[in-house]
Amino acid sequence: MGATHGRGSSLRRTSFENKQQLSEKVAAYIREGIMVGQFRAGEYIRTERLAEELGVSPTPVREALMLLGSEGSVRWEPRRGYRVVPLTTRDVGDLFRVQAFIAGELAARAATELRDEELDLLEETQAKLEQAERDGDFDLVESLNYQIHRTINS
């Protein structure tokens, strides 16, 4: 699925082959697209174009947009379609608080479930991450941070 949306950006890869809850999968795709800037505030999301790009019929895309409309992520404008609603500072703060809560819960569970070797590896990785941050190696910081979260989440 190498299609693009708007401004020539590549679509994120995802599977739309399982028909179960397809509209929810499309909604999750659009929701994430809004968060990462694929669908920008004020932009209209064209149902038929997106359906074609995702390889699905327009119906699950319309259903997804109605769901996102009820959540406040997009707004229906008569004779124009669905438009992406701008995120507020409060929205971003709420998202970070939810992420922090979930990460904290997973870390608490991991602390009781991880073996000593895994905990040692996490400590070593954290030390490397802190050194990479001091060195200004932000690609390494990102990679090590991902490794830590992947270990905890697993």
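From the N terminus on, the elements of the chain follow the order β-β-α-β-α-α-β-β-α-α-α, which comes to 6 helices and 5 strands; these are DSSP runs numbered from the N terminus, with helices (H or I) of at least four residues and strands (E) of at least two. The model is a predicted one, in which local features need pLDDT of at least 70 and side-chain atom pairs count only at pLDDT 80 or more, while totals for chains, interfaces and linings use all residues. Residues are numbered from 1 along each chain as its sequence is written, and side-chain values use heavy atoms, with hydrogens and water left out.

Of the 154 residues in the chain, 30% are buried, where buried means under 20% relative accessible area, exposed over 50% and partly exposed in between, with a 1.4 Å probe and protein chains only. The accessible surface of the chain is about 10400 Å², and carbon and sulfur atoms account for 51% of that area, as computed by the Shrake-Rupley method with a 1.4 Å probe. Among contacts between residues at least 6 apart in sequence, 49% join residues at least 24 apart, a contact being heavy atoms within 4.5 Å.

## Helix packing

| Helix pair | Angle between axes | Axis separation |
|---|---|---|
| α5 (residues 116-135) and α6 (residues 138-153) | about 160° | 8 Å |
| α1 (residues 22-36) and α3 (residues 58-71) | roughly 60° | within 8 Å |
| α2 (residues 47-54) and α3 | about 120° | 8 Å |

Angles under 35 degrees count as roughly parallel, over 145 as roughly antiparallel, 65 to 115 as roughly perpendicular and the rest as oblique. A crossing is called left-handed if the near helix is turned anticlockwise from the far one by less than a right angle, and right-handed if clockwise.

Helices α5 and α6 pack at about 160°, and α5 is therefore roughly antiparallel to α6; their crossing is left-handed. Residues of α5 including Leu122, Leu129 and Ala132 meet residues of α6 including Phe138, Leu144 and Ile148. By class, this contact of α5 with α6 has 9 nonpolar, 5 polar and 2 charged residues, where Ala, Val, Leu, Ile, Met, Phe, Trp, Tyr, Cys and Pro count as nonpolar, Asp, Glu, Lys and Arg as charged, and the others, Gly among them, as polar.

Helix α3 takes part in the other two pairs. The axes of α1 and α3 cross at roughly 60°, so α1 is oblique to α3, and the crossing is right-handed. Among the residues that meet here are Val26, Ala27 and Ile30 in α1 and Ala64, Leu67 and Leu68 in α3, and the contact of α1 with α3 divides into 10 nonpolar, 1 polar and 3 charged residues.

Helix α2 packs against α3 at about 120°, which makes α2 oblique to α3, and this crossing too is right-handed. Thr47, Glu48, Leu50 and Ala51 in α2 meet Pro58, Val61, Arg62 and Leu65 in α3, giving 5 nonpolar, 1 polar and 2 charged residues.

## Two exposed residues

Arginine 79 lies in the loop between β4 (74-77) and β5 (81-84), where its phi is near 65°, a positive value in a residue other than glycine; with a relative accessible area of 82%, arginine 79 is exposed.

Glutamate 113 belongs to helix α4 (residues 89-113) and counts as exposed at 62% relative accessibility.

Note on methods. Axes are lines fitted to C-alpha atoms, for helices over the stretch in contact, and angles run from 0 to 180 degrees between N-to-C directions.
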